[in-house]
Amino acid sequence: METYLKILATGIALPDKVLYNADLERMVETSDEWILTRTGISERRIAEKDVATSDLAADAGRMALAGAAKLPEDVDLIIVATATGDHLFPSTACIVQDKLGAVNATAFDLSAACSGFLYGLTVVHSLLSTGVYRNALIIGAETLSKITDYSDRATCILFGDGAGAMFVEPGTDGKGLFASHLGSDGSLTKLLNLPAGGSRMPASRETVDSGQHFIKMNGNELFKVAVRSMEVAATRTAEKAGIDLADVDLLIPHQANIRIINSLGKRLGVEKEKVFVNIDRFGNTSAASIPIAYHEVRAGGRYDHDSNILLVAFGGGITWGGVLIRG
Ligand code: ACO
């Protein structure tokens, strides 16, 4: 019998501090109107100086555990998908394990940028289907504000901080995640990256002075690749699930840019009312974008257990992924 990934509960954590477009107008040469029409973003959340990714991740994880009525010691596996971990090592997942007191869990990070959460779900689906683990806490968490250059108007308008989590178990009642598709194209690493701080360009006075510890992005090229790769992810995932795209009740795309989301919906033939959008309030939170969106959808209670919810993402690497959830 096919094993589903049953989502018992979800959780989110968002910093209180809001960065409005009007604030950005005072920092770089831009306007509320430009940001809104080109990206769809009105505001984004920004972590305080002393808050790291693991803090948001642990808060989201705690909320998901409480929702599932599980104790920290019940958790078998913790995966944190992030591009802004607390350190190069140890993993943020190990720090989260300690913060939660999940003493029986195996913990590791997953690096696939904005597709990281869907990569995590897919990996966990395999590990739980084969009985390697009995349950998992999957978290997408980012503090992108820490690697954003607030003097670069092309990038600083886009990003926000936050975390989202899911507590999952295997299920055989036909509800939950049951199909996915992942892909990567390493020839496009240059479109979006963080040049320094790793073994290719270790941190030095020069790397700091020349801003190499900030996100670098080719926005125009990425825009096209984003639409193309998410279209592939959505189509292949629907094929694997054996459903028609017309049977998708809700499409939850990675929240990178409203124009990317609208183009994707159009190409897939999914009506606007069936496409979830919250980019106006949170901006692009990378690996946290999909779990935050899914949490809001679930909390809204509009979708029953027979709904087909299609989650799609793309990210640096580049990477892409799609996941089909029933209910
Ligand atoms: N305010 C005002 N003007 C600006 C701003 C700004 N914040 N940023 C750029 N401009 C200017 C440019 O300098 C340019 O001026 P010019 O014509 O005089 O040279 C003009 O606006 C147009 O610039 P473009 O880069 O062509 O603008 P575009 O419409 O492509 O929008 C954007 C830029 C929003 C970055 C878009 O390309 C985009 O969203 N790309 C995808 C980004 C993305 O998804 N990133 C992923 C991030 S991480 C992840 O999700 C994996």
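# Notebook: ligand shell, loops and backbone

I began at Asn257, which counts as buried because its relative accessibility is 8%. For this term I took buried as under 20% relative accessible area, exposed as over 50% and partly exposed in between, with a 1.4 Å probe and protein chains only.

I noted that this is a predicted model, where local features need pLDDT of at least 70, side-chain atom pairs count only at pLDDT 80 or more, and totals for chains, interfaces and linings use all residues. Residues are numbered from 1 along each chain as its sequence is written, and side-chain values use heavy atoms, with hydrogens and water left out.

**Asn257, continued.** I placed Asn257 in the loop between β11 (250-253) and α9. Helices (H or I, at least four residues) and strands (E, at least two) are DSSP runs, numbered from the N terminus. The side chain of Asn257 reaches the backbone nitrogen of Arg259 at 2.7 Å. A polar contact here is a pair of N or O atoms within 3.5 Å; within protein, one must be able to donate a hydrogen and the other to accept it, and residues adjacent in sequence count only if both atoms are side-chain atoms.

**Ligand.** Which residues come nearest to the ligand? Of the 25 residues around it, they are Thr30, Arg38, Cys114, His254 and Asn257. A residue is near if one of its heavy atoms lies within 4 Å.

I then looked up polar pairs. Thr30 has a polar side-chain atom 2.6 Å from a nitrogen atom of the ligand. Arg38 has a polar side-chain atom 2.6 Å from an oxygen atom of the ligand. A polar backbone atom of Gly219 is 3.0 Å from a ligand nitrogen atom. On its own the ligand has 1,000 Å² of accessible area, and the protein covers 73% of this. Those areas come from the Shrake-Rupley method with a 1.4 Å probe; for residues, only the protein chains shown count as cover.

I listed the elements that give two or more residues to the shell: α2 (32-39), α6 (153-156), α8 (219-241), α9 (258-268) and β12 (308-315). α8 gives the most, with 4 residues. The ligand lies between domain 1 (4-173) and domain 2 (178-326), because both give residues to its shell. The domain bounds come from an automatic or database domain assignment.

**Helix α11.** I checked the length of α11 (residues 289-300). Its 12 residues should span 16 Å at 1.5 Å a residue, and the end C-alpha atoms are 17 Å apart, which agrees. The expected span is 1.5 Å times one less than the number of residues. Buried residues of α11 include Ile290, Ile292, Tyr294 and Val297. Gly301 follows α11 with a positive phi, near 65 degrees.

Most residues other than glycine have a negative phi, and most peptide bonds are trans. I looked for departures.

- Phe89 and Pro90 are joined by a cis peptide bond, with omega about 0 degrees. Pro90 lies in the loop between β4 (77-81) and α4 (92-100).
- The peptide bond from Gly317 to Ile318 is cis, with omega near -10 degrees. Ile318 lies in the loop between β12 and β13 (319-326).
- Ala69 has a positive phi, near 55 degrees. Ala69 sits in the loop between α3 (53-67) and β4. At 68% relative accessibility, Ala69 counts as exposed.
- Ala113 has a positive phi, near 50 degrees. Ala113 is in the loop between β5 (106-110) and α5 (116-129). At 17% relative accessibility, Ala113 counts as buried.
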